[in-house]
Amino acid sequence: MIEVKNLVKRYGLIPAVDDISFTLHPGKIYGFLGPNGAGKSTTMNIMTGYIAPTGGDVLINECSILEDPEEAKSYIGYLPEIPPVYPDMTVEEYLRFVTELKGVKRDERKKQIDMAINRTRLNDYRRRLIRNLSKGYRQRVGLAQALLGNPQFIILDEPTVGLDPRQIQEIRRLIRELVITDDTVAPEDKPVVLLSSHIMQEVSAVCDEILIIAHGRLIVMDTPENLVARYHTQDVYEIEARTTEENLSEVLAPFKEMATFEFDSNDMPEGVSKLRLTFAKGADVAEVLFKTLAKAGVPVRQLRAVVPTLEEIFLQLVAKADEEYAAREEERMKEENRGNASSEEDKTEETADDAEDTSAEEAAPEEDEPNEETSDEEEKEGGDEK
């Protein structure tokens with residue numbers, strides 16, 4: 001189990017990671033999403049021990065990445081966005097080198113290498129120079145090195161970026177297989193996989209749960225199904241029919257009290273109208289709509305229910321996070337301005353007090369200093385009198 005506890009990372013006064021906490025369980029693949037600059041890379045770098053946090057901690061199998069980094073790192077397999085491979089080595093030579101770096105026992109190295117090569121389908125390329133491999137196969141080599149040492153926490157940073165569609169499908173299948181093991185493996189011994197990606201289709205196809213981060217804060221953590229259900233607050237239907245907008249509106253007039261009508265026929269072929277109907281949640285009217293149109297003799301090209309996609313939900317959540325961040329920044333600036341104004345008032349009062357002290361000193365009468373010449377004359381006169 002991986003526990004991220006109140007993680008904070010600041011660069012000066014700017015928080016790259018702002019008090020993030022979450023728990024990752026064995027046998028699951030987690031999608032880690034966020035816009036550029038959200039703090040994903042910083043969070044993953046802290047979790048791998050590459051950089052130190054300003055505050056908080058990461059526990060990997062109850063082992064602190066701060067207090068015992070060597071032990072904690074032994075549980076981690078990491079595939080960066082650019083695979084850390086050496087092009088002048090063969091696949092097998094490189095994997096043997098990685099087993100040495102990871103401290104795999106000598107008598108277990110061959111078994112570990114064979115396992116990684118088999119799982120990533122690299123059997124036919126094990127003696128091939130890495131420089132001669134395609135990008136997709138280099139990515140497989142990077143994934144193979146992440147599997148060495150039987151890590152219980154596997155971090156994959158944009159593992160399919162730059163690959164062609166067939167390679168993407170293959171890498172996704174390999175990722176799914178990371179947590180699919182035989183029944184002899186106890187659930188708690190299965191690995192945890194954290195996958196960073198910008199491709200919503202990939203996250204939906206591969207991940208069991210999704211974490212979305214924005215402006216350094218975790219804004220949601222849930223399954224894709226629950227997210228869609230949570231934000232599917234209205235029933236929306238799109239209709240494409242071979243008729244005019246006026247006729248389509250007239251035929252569907254009985255639904256105007258139940259739904260909002262929105263025509264969007266600009267991109268439609270000539271003579272085809274497109275209408276978007278939005279009902280309250282739970283309005284199962286698809287069949288009734290179709291029958292109404294059929295009865296009126298309106299040729300229907302398409303009638304479909306529109307369900308919010310993960311991409312739409314992501315954009316909605318990030319937009320809300322942007323608004324909240326802007327409000328926080330506005331309040332922070334106001335507080336800073338109030339503080340500056342207060343400092344200026346203090347300085348003004350100090351200056352006024354200094355001016356008053358100076359005026360008082362200038363107004364006070366000066367004491368006459370004794371005149372040395374007069375004193376000498378007085379002494380002489382006193383002497384003569386004697």
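Across the whole structure, a search finds 21 salt bridges; the model is a predicted one.

Lysine 110 and aspartate 114 form a salt bridge in which the closest N and O atoms are 2.8 Å apart. The two residues are separated by about one helical turn, because they sit 4 residues apart in helix H4 (residues 109-119). Lysine 110 is exposed, at a relative accessible area of 60%, whereas aspartate 114 is buried, at 18%. Both also belong to a network of salt bridges that links Glu92, Arg96, Lys110, Asp114 and Arg126.

A further salt bridge joins the side chains of arginine 109 and glutamate 100, with an N to O distance of 4.0 Å. Here arginine 109 is buried, with 17% relative accessible area, while glutamate 100 is partly exposed at 44%.

Glutamate 238 pairs with arginine 276 in a salt bridge whose closest N and O atoms lie 2.7 Å apart. This pair links distant parts of the chain, 38 residues apart: glutamate 238 belongs to strand E11 (residues 234-241) and arginine 276 to strand E13 (residues 273-280). Glutamate 238 has a relative accessible area of 9%, so it counts as buried; arginine 276, at 29%, is partly exposed.

Finally, the cysteines deserve a word. The structure holds 0 disulfides. Cysteine 63 counts as buried at 10% relative accessibility, and cysteine 207 counts as buried at 7%.

Conventions. Residues numbered from 1 in each chain as written. Predicted model: local features only at pLDDT ≥ 70, side-chain atom pairs only at ≥ 80, totals over all residues. Heavy atoms only, no water. Disulfide = S-S within 2.5 Å. Buried < 20%, exposed > 50% of the residue type's maximum accessible area, 1.4 Å probe, protein only.
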